[in-house]
Amino acid sequence: MNKNTPIYLANEIRKLEKLATSASVPINLMEKAGLAAAEVVRDKLLTSEKNKVLVLAGPGNNGGDAFVVARHLQKWWFKVTLVFTGTPAELSSEAKNSMDAWTDAGGEILSEIPIKKEWSAIVDGLFGIGLSRDLEGPIYELVNVINHMNLPVLSLDIPSGLNSDDGRVCGAAIHANITVTFIGMKPGLLTHQGTEYSGEIILRNLDIDTSILIEPQSWVLNLPCIQQLLPPVRRANSHKGMFGSVGVIGGAAGMTGAALLAGTAALKLGSGRVYLGLITDNILTFSPVQPELMFRSPHELFKLDHLNCLVIGPGLGMSTDAYFWLDCALKSSQSLVLDADALNLISVYPELADSLSNRNGHTVLTPHAAEAARLLGISSTDAQNNRIETIKELVKRFNCYVVLKGAGSICMLPDGKYYINTSGNPSLSSAGTGDVLSGIIGALLAQGLAVKKALLLSVYLHGAAADKLLEQTGGPVGITASEITDAARELLNKWIKQHRLTEIVNDTEQ
């Protein structure tokens with residue numbers, strides 16, 4: 001997957017900057033970044049009529065980038081107002097040179113935003129990836145003023161006030177319409193609150209081949225990425241036994257719908273056979289909605305020798321029966337997908353956590369932030385505000401594949417490498433969508449995909465199905481989990497077909 005877009009933490013970006021500027025032919029990163037961003041401002045936000053731009057330059061190198069942006073925009077005959085919030089004597093030499101170049105070109109530097117003046121757009125160069133403290137005082141007020149001006153905003157590298165590594169808002173942050181980020185992608189743009197504040201993200205690598213300088217450990221999970229993960233086209237001479245069998249254990253009294261949703265997703269996403277082991281006393285013999293699902297007691301389900309994957313947790317509950325069947329699953333060598341109450345039980349009973357940590361079979365955990373917090377014994381706020389550290393600790397403690405669900409879901413492998421998902425929307429914040437995701441993962445595992453591929457493809461597909469429905473309905477309200485399943489099936493078939501056609505074209509051209 002070396003063709004995927006890498007993601008870098010702030011300290012890695014700093015190393016890349018040093019390597020690029022100390023090369024035999026050093027790169028003037030500030031000039032390149034400022035020019036790249038100015039071109040985007042010119043092409044996307046300004047016109048000959050809407051030609052007035054407010055540029056905000058902060059006290060660090062992000063402010064230096066802003067001075068370069070302002071200089072180029074003024075050279076292209078746009079009307080630029082520049083407000084500088086720092087102190088010239090405290091600027092780095094590179095930023096000071098950029099400020100001097102701005103004034104040498106006739107640019108004016110203001111300390112406050114002029115009253116009763118209008119602009120067409122704003123360039124945010126207040127703070128970059130080095131920000132770790134919460135904004136307060138005048139700068140906090142300035143950020144809120146910018147957010148209430150109702151003008152399109154382009155942020156340089158990252159919206160000011162957003163933490164580059166975890167996507168947490170540091171007291172206040174600029175709501176950007178566009179973020180032009182430099183050198184490499186940052187996790188904070190893609191997960192947690194970064195998904196709300198970053199707007200359209202445009203990457204400009206400034207002619208740096210980052211993967212040669214630093215081997216990446218994380219990547220963007222997007223459509224180009226999943227093209228490499230798709231299952232093969234099915235042969236005409238095939239049968240259900242070739243596509244695996246999934247078992248689902250859950251569906252305690254009052255929660256049978258969760259298990260039915262997971263089972264239906266496994267069925268519709270390609271598993272040859274799906275068995276439901278409900279632990280409710282009112283055992284169903286068939287589903288009138290989905291009669292293809294086969295019902296067994298959990299005891300019978302464990303006796304099936306052709307089962308390829310077991311999904312346990314949807315509607316499982318916290319009863320002694322739930323504990324017993326989860327314990328059986330954890331002590332088996334079966335590939336497992338653990339969701340919902342399976343995770344809650346593990347967080348309550350240390351012996352289950354030990355069984356999980358020491359098991360031989362592949363395991364996928366699918367927690368949201370609250371479930372992750374219970375597993376680690378921390379607060380939900382801490383889990384959400386430190387999403388990468390949270391998932392790293394889960395992987396380390398349980399030696400599993402993990403998806404930490406939420407805005408910008410993070411998928412991490414046992415070796416610590418991770419992907420941040422770019423699909424999905426608030427329509428997934430409804431009952432049953434997590435059960436559907438578990439069923440999709442189970443289906444792809446049963447069909448023989450490697451765990452890594454099954455996890456990444458499932459997470460992106462799940463979000464893309466929600467995006468497809470969002471486009472059709474015009475908004476996220478009322479989209480149901482069942483609809484997600486059908487949209488995911490349609491997309492997966494479409495992608496497989498398109499990928500096969502692309503392969504045929506490439507083979508013909510060769």
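Biologist: Which residues lie nearest the centre of the largest pocket?

Modeller: This is a predicted model, where local features need pLDDT of at least 70, side-chain atom pairs count only at pLDDT 80 or more, and totals for chains, interfaces and linings use all residues. Residues are numbered from 1 along each chain as its sequence is written, and side-chain values use heavy atoms, with hydrogens and water left out. A pocket is an open set of points on a 1 Å grid over the protein atoms alone, where a 1.4 Å probe fits, with protein on both sides within 12 Å along at least five of seven lines; lining residues have an atom within 4 Å of a point. The largest pocket has 40 of them, and nearest its centre are G406, A407, G408, S409 and L428.

Biologist: Which element gives the largest share of the lining of the largest pocket?

Modeller: Helices are DSSP runs (H or I, at least four residues), numbered from the N terminus. Elements that give two or more residues to this lining include α15 (369-376), α18 (433-446) and α19 (451-473). The largest share is four residues, and it comes from α18.

Biologist: What is the volume of the second largest pocket?

Modeller: Its lining has 27 residues, with R14, E17, M30, N61 and D65 closest to the centre. Helix α1 gives the largest share, five residues. Volume here is the space filled by probe spheres set on the grid points, which are joined across faces, edges and corners. The value is about 490 Å³.

Biologist: Why is the pair of Y323 and Y349 edge-to-face?

Modeller: Rings of Phe, Tyr and Trp (its six-membered ring) pair if their centres lie within 6.5 Å; planes under 30 degrees apart count as stacked, over 60 as edge-to-face and the rest as tilted. Y323 sits in helix α12 and Y349 in the loop between α13 and α14, 26 residues apart. Their centres are 4.9 Å apart, and the pair is edge-to-face because the planes stand at 75°.

Biologist: Which ring does R234 lie over?

Modeller: A charge sits over a ring if NZ of Lys or CZ of Arg is within 6 Å of the ring centre and within 35 degrees of the ring normal. R234 lies 3.5 Å from the ring centre, over the face of F243.
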